[in-house]
Amino acid sequence: MENLTGNDVLILHYIAKRSKASELNQAFWRNDYFNDNEKSLNKLFNNGYLEMRYDEEISLNKLKVEELKEILVSSGLKTTGRKNDLIERIIEECDKKYYQKYLELERYITDKGESLLSRTKFVLVTHSNNIAYPVDIYNFYLSNQNLDELDLICDFIECKVKFDKETKEISDQSYLYHQLSQVCNIYNNQEKQLYYLLKSCYEFLSSDIPYFCLISIKEFKNYVNRLSFHTKDISLLLESNQDLKENMESYINNLEKTYYNYYFNSNEIKNLIIAFCLKNSYEVDRVIVDIYKRNQAEGKFNGSISEEVQLENSRIEFKDYKEEKISFIGKIKSLFYNN
C-alpha cells in the first residue's frame, strides 16, 4: 500500500468527513503523532488516494447566504429556503457561467481512497476514543486483515495491555478497558461492551498496583469508591438488556480465571459491583469494611488502626447479618426491580 502509515490513513479520514482545514494544523499531529501532514498529503496524492477537482458543493458552501442569493437572482430563480436548499438549487438549475468564478479546486477522494476508507474506519474510531495511536493500530491491521473491525480493535488492546504488564512495574489499564467498552457500543455489540466494563472493574482492583501499605480505612474507602466510575454504565446496560443481566455471572466467572487479586477475593468483587450498580451506599460501606478487616487480619495492611475500624463497625452494627442470603444471580435480576 505504497508505504502508507496510520497517520496518512487518519488524514484521509479527516478529509472524508470534510474537516475544517484548521483540524489538520492542530498541535497533536506534531506533538503526539510526530507527523508531517504536508508529506502525508503529498503521499496520498502521489499514490492516487486524493486528487484535486472542482467541487461545486464545497466551493458554494464557503459563500455567504447573500452571495448565493445573488447567483440565484441573476439566474431568475427563487431565493427562499435554507443555505443547503440554495446550494442545491444553484447546482441543479443554474447555468454554471453564473457561479464559475466561485469554484475552487478541492481535495477529492478517489475510488481508491474510498476503498481504503471503507476498510480502515477503525483508525478514526480508535483515534477519536483515544485508545490507540493510528500508526500502531494500522500496522496491527496489516498483519491481521482477516479480523473484523471490532475484533481487530479488541485484539490490539489486549496485546497492548499484555505488553504493558510485561514491561512496566505498575500497569493499570482500567480506563483503557472502559474506553474500549465505548468502542464496542459504537459497533452495537452490548455483550462485548459489558465484558469490557466488567474487565475495567477487575483491572482497577487487580494486584498490579502495589498501592496499599500504611493506609487508613478512610483512604481505602476513598480508593475503592472510585469503582463507581467503572460500574455506572454496567447498570444502564443491565437495565436495557435482560439477556446480559441473566448471563452476567458467567462473564464474571470467566474474569475470575484471568485475574488474581491480592486485596479482593472473587465474592467481594461480585458484591462490590452489585452494590455500586444498585447505588447502595450502605452496602458498599459494609463490603469495604469487611474487606479491610480481612486484609488487616491477614497482615496485608500495616499499622495500628483498629479504633478506626471499630468506629466504622459501630455505624453499621445494627444491620442484621442473619438475613437470608440472596444468590448472586438473584441480586442481578433484582437490580432494577427493587428501586
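Biologist: How far is the sulfur of cysteine 154 from the closest cysteine sulfur?
Modeller: The distance is 4.3 Å, to the sulfur of cysteine 184, which is too far for a bond. A disulfide is counted when two cysteine sulfur atoms lie within 2.5 Å, and the structure holds zero disulfides. Please note that this is a predicted model, in which local features need pLDDT of at least 70, side-chain atom pairs count only at pLDDT 80 or more, and totals for chains, interfaces and linings use all residues. Residues are numbered from 1 along each chain as its sequence is written, and side-chain values use heavy atoms, with hydrogens and water left out.

Biologist: Is cysteine 154 buried or exposed?
Modeller: Cysteine 154 is buried, at 2% relative accessibility. Buried means under 20% relative accessible area, exposed means over 50%, and partly exposed lies in between (1.4 Å probe, protein chains only). Cysteine 184 is buried too, with a relative accessible area of 0%.

Biologist: How much of the protein counts as buried?
Modeller: Of its 339 residues, 45% count as buried.

Biologist: Which residues have the most contacts inside the largest nonpolar core?
Modeller: They are Ile234, Leu272 and Ile273, in a core of 78 residues. A nonpolar core is a set of buried Ala, Val, Leu, Ile, Met, Phe, Trp, Tyr and Cys residues joined through side-chain atoms within 4.5 Å. A second, separate core has twelve residues, including Leu63, Ile71, Ile90 and Tyr99.

Biologist: And what does leucine 272 touch?
Modeller: Leaving aside neighbours within four places in sequence, leucine 272 is in contact (heavy atoms within 4.5 Å) with Leu205, Val224, Leu227, Phe264, Val287, Ile288 and Ile291.

Biologist: Let us turn to charges. How many salt bridges does a search of the whole structure find?
Modeller: The search finds 19. A salt bridge is a side-chain nitrogen of Lys or Arg within 4 Å of a carboxyl oxygen of Asp or Glu. One of them joins arginine 294 and glutamate 268, at 2.7 Å from N to O. This pair links distant parts of the chain, since arginine 294 is in helix H17 (residues 281-297) and glutamate 268 in helix H16 (residues 266-278), 26 residues apart.

Biologist: Is glutamate 268 buried or exposed?
Modeller: Glutamate 268 is buried, with a relative accessible area of 11%. Glu268 and Arg294 also belong to a salt-bridge network with Glu298 and Lys300.

Biologist: One last topic. Where does phenylalanine 34 lie?
Modeller: Phenylalanine 34 lies in the loop between helix H2 (27-31) and helix H3 (37-46). Although it is not a glycine, phenylalanine 34 has a positive phi of about 50 degrees. Phenylalanine 34 counts as exposed, at 69% relative accessibility.

Terms used:
Helix = DSSP H or I, 4+ residues; strand = E, 2+ residues; numbered from the N terminus.
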